[in-house]
Amino acid sequence: MTVPFFAETATSALQLLCVFGSSAGIEPLSAEKPHPSPDPAHKPPASMEEIELPKLESDQKSYAGIPEAVFVDDVEQFMKDSGNEDSVEKVLKSFDEQHSKYRFMEYNMVSRRRRLRQQIPDLTKNLEMIKHLREQSEDQETQFLLSEQVFVKTVMPPTKSVCLWLGANVMLEYPLDEAEELLRQNKKSAEVNLRCLEHDQEFLRDQITTTEVNMARVHNYDVKKRQAKKASGEDKS
């Protein structure tokens, strides 16, 4: 009995789910027939460093709109300008809140980066699977995941269409060419998003460091001020 083939990979926004225009499916195959050798003329994928970043606006330094932390050069003047010359606690509390916001942004960025780094290899595997299906000319015996640790052998006939799992319980059937184009677009978008995210992470680390230095400088200013006041009181006595 011929069972529809199913190649599922977790790609977040897009999944190559099954082929032959069938709603049934199989997990990534473990085929007895080896995959065709790679085309020597096929260009290797560009590294993340080679991906061109979108241009930022003249007044922007990050793609996510991260506020820039201003370095406090003259602490005494900064305290006077802020109107908190005698209330260091308020200034430190403000810096601490800013620092917490930066850390929260960093946590979200790390999570997003992890998802994108998982998504890109999955999209690459999906593109390789479409290439394999396009080159397939005869029935092929393979296996699919029936349940946890249970595989079933099946026969995979040639196909001209594939179903893409778009998420939100939506799956659409595409010809192989259209599916490949859509997957390539999603892969390129994911790679650009990853590069933008890495750029923002570097910028965010600088803002966290600047904020921590500001907190240390204000704290040291308060300590020196207290020591000077204490020394002045002892001199008077």
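Among contacts in the protein chain between residues at least 6 apart in sequence, 66% join residues at least 24 apart, where contact means heavy atoms within 4.5 Å. This is a predicted model, in which local features need pLDDT of at least 70, side-chain atom pairs count only at pLDDT 80 or more, and totals for chains, interfaces and linings use all residues. Residues are numbered from 1 along each chain as its sequence is written, and side-chain values use heavy atoms, with hydrogens and water left out.

The protein chain has three helices and five strands, in the order β-α-α-β-β-β-β-α. Helices (H or I, at least four residues) and strands (E, at least two) are DSSP runs, numbered from the N terminus. Of the 237 residues, 34% are buried; buried means under 20% relative accessible area, exposed over 50%, and partly exposed in between, with a 1.4 Å probe and protein chains only.

Now the cores. A nonpolar core is a set of buried Ala, Val, Leu, Ile, Met, Phe, Trp, Tyr and Cys residues joined through side-chain atoms within 4.5 Å. The largest has 21 residues, and I66, Y102, A179 and L204 touch the most other members. At least two residues each come from α2 (88–135), β4 (161–167) and α3 (176–236), and α3 has the largest share, nine residues. What does Y102 contact, leaving aside its neighbours within four places in sequence? The partners are I66, P67, E68, A69, L204, Q207, I208 and T211. A second, separate core of eight residues includes V72, V75, V88 and V218.

α3 gives the most to it, with four residues.

Last, two loop residues. Most residues other than glycine have a negative phi. Q149 has a positive phi, near 65 degrees, and is placed in the loop between β2 (140–147) and β3 (150–156). A168 also has a positive phi, near 55 degrees, and is found in the loop between β4 and β5 (170–175). Are these two buried or exposed? Q149 counts as exposed because its relative accessibility is 72%, and A168 counts as exposed at 74%.
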